[in-house]
Amino acid sequence: MRALLLVLAVWICGAAQAQTIEKAIMPGEVAKAHAKYEQECAKCHQRFDRAAQERLCQDCHKEIRSDIAAKRGYHGHLDSTTCRSCHTDHKGRGASLVVMEPKRFDHTKTGYLLKGKHADIAAKCGSCHVTGKKYRNADPACATCHRKDDVHKSRLGEDCQRCHTEKGWKETSFDHEKTKFPLLGGKHAEVKCKSCHTDQTFKGAETQCNACHKKTDDEKGHKGRFGTKCETCHTDRGWKEIKFDHDADTRYLLKGKHRAAKCTSCHLPEKGLLYQQKLPTKCAACHKADDDDKGHKGKLGDNCESCHNERGWKTGTFDHDTTHFPLRGGHRETKCESCHIGGLSGSKASVKLDTACVSCHRKDDQGKGHKGRYGDRCEACHSDTKWKDARFDHGKTAYPLRGRHAQVRCDACHLIELGPIKGSKIQQTCFACHQKDDKHKGQLGNDCAKCHDERRWQGTAFDHARARFPLVGSHTKVECAKCHLTPAFRDAPRACIGCHERDDVHKKRFGTRCETCHSARTWAAWDFDHAATGFALDGGHANVKCDTCHEKEMAGRTTRRTCIACHARDDVHDGGFGAQCERCHLTATWKRQKR
């Protein structure tokens, strides 16, 4: 409507008069910042060309035009550069030219991302943007806002981000490795800054170990005896970790137990400074007291290294294998004095020791061994690994040991009362040793090997098919103990009724020869042919149950074959026609007679 009025004004009144009319119909006062241009509409508007408004805005706001062209700052990252989408005017003198919701404002487009603690105050613009200054003029330097928080008092400059991050002042990212004193990942890396930089002064801090650790050295260390160059021996990973190479830096190599010894064990404090001492290197110089108290008491001289080494006193280097009696197995663990009772020196030591096993172990043989029955050549069976580890090969005798026999002790067969083992002859039959174990009470003879083997008694190889009662049908699945109630196997009955009397549903009415009808396959399957008895079942007899005729228990065959024997009460003739009913009647039905 406003545009239509302007067109009419120009047409009717001319351009000069139209401008006066345009001011009269202005929608409202402009903002305070634009007040001086309120009467100069052409500063912001070009008649009939709305698109020109963006250019006119940038004619005044040249820094915004520069940002958009260079794609920097907030305006340079906007998808749309239409000014009126964010800025409006003619809302009155006190109205704001910026229409913005702080909570929805995308600060990433400004080129200054709000991270860490800054993100927590994103909606509080006034914390960084001072009233009266344009937002774009806010200084991004940390010190601008945090100068009052600087505990370093500007001694480290204003480039705070070299050490600190937005997550918090206490969380730093300063790389100490780039200084003249790298922390190297040792104990120093775990120390708080203020432990060394007590007054927050970082430049010029002392780098010598002794500057910080002199008190530790005086109270718990070397008390100054080792000088002030701590790094010669120690590392920053820990005081107890020593890098001094005694092997490379001195003429006395440390081996075995010597490596674990403390420096002051040899370098005594009363002998002055460590690096000025000249210590003897002979073993006896340090260990003479040990030899006198618990050792050889000087009998073997002071050349200790001929037998001992640095791994330990008990670890000797003397090679007994070079003697006429090499030490093997359990002998290697035996103490010297166990055999060399008189010591290694003196009159008793000069006596040549007997190397026969029995010279040392006769007492063991008499107490817990064979009591001399196996002779004096112990090595024939035993080895020097251990007594129980015998190596005698019984397989080379006439009776190889197999299965459980291989686990049996010698004395179980070679009884003491039989005398010396050499020359004694032992029976090799199973029955000779196992007669007392025979559960069959001699019924099956003494050839146990027919059924049993050395693996175990219960695992038999007996073939029941060769017995008097071959197992067929369901009998093959039955456990032995079901029929053989005792190991006296021949006592088991062979007749069916012997085991199945309680299973006989006929109550012996059909006799005791079950196999006449039934088979070992199953009770339910029977194949009895009644015609073979001489009394064929036909006609009405074919459907009659067995126990209708066989009413009583019988021992043998039934003799009731005449009709009258079963049908006397059915005889309407009362015996008048005799007992041979079959002369007139048929088995199909009584009512039907023969013609």
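Guide: Let us begin with arginine 259, which is exposed because its relative accessible area is 55%, a value over the 50% cut-off for that word. Please keep in mind throughout that the model is predicted. Arginine 259 forms a salt bridge with aspartate 247, and the closest N and O atoms of the two are 2.5 Å apart. This pair links distant parts of the chain, since aspartate 247 belongs to helix H10 (residues 246–249) while arginine 259 belongs to helix H11 (residues 257–260), 12 residues apart. Aspartate 247 has a relative accessible area of 23%, and therefore it is partly exposed.

A search of the whole structure finds 21 salt bridges, and two further pairs can be examined in the same way. One of them joins aspartate 453 to arginine 455, with the closest N and O atoms 2.8 Å apart. Here aspartate 453, at 27% relative accessibility, counts as partly exposed, whereas arginine 455, at 60%, counts as exposed. Salt bridges can also share partners, and in this way Arg55, Asp59 and Arg65 are joined into one network. The other pair is arginine 377 and glutamate 379, whose side chains meet in a salt bridge at 3.9 Å, N to O. Arginine 377 has 60% relative accessibility and so counts as exposed, while glutamate 379, at 35%, counts as partly exposed.

Asparagine 210 lies in helix H9, residues 209–220, and counts as buried because its relative accessibility is 17%, which falls under the 20% cut-off. Apart from its neighbours within four places in sequence, asparagine 210 is in contact with Thr228 and Cys230. Arginine 521, by contrast, counts as exposed, because its relative accessibility is 57%. Its place is in the loop between helix H19 (496–500) and helix H20 (546–549). When neighbours within four places in sequence are left aside, arginine 521 is in contact with Gly473 and Ser474. From C-alpha to C-alpha, arginine 521 and serine 474 are 5.3 Å apart in space, although 47 residues separate them in sequence.

Methods:
Residues numbered from 1 in each chain as written. Predicted model: local features only at pLDDT ≥ 70, side-chain atom pairs only at ≥ 80, totals over all residues. Heavy atoms only, no water. Helix = DSSP H or I, 4+ residues; strand = E, 2+ residues; numbered from the N terminus. Buried < 20%, exposed > 50% of the residue type's maximum accessible area, 1.4 Å probe, protein only. Contact = heavy atoms within 4.5 Å. Salt bridge = Lys/Arg side-chain N within 4 Å of Asp/Glu carboxyl O.
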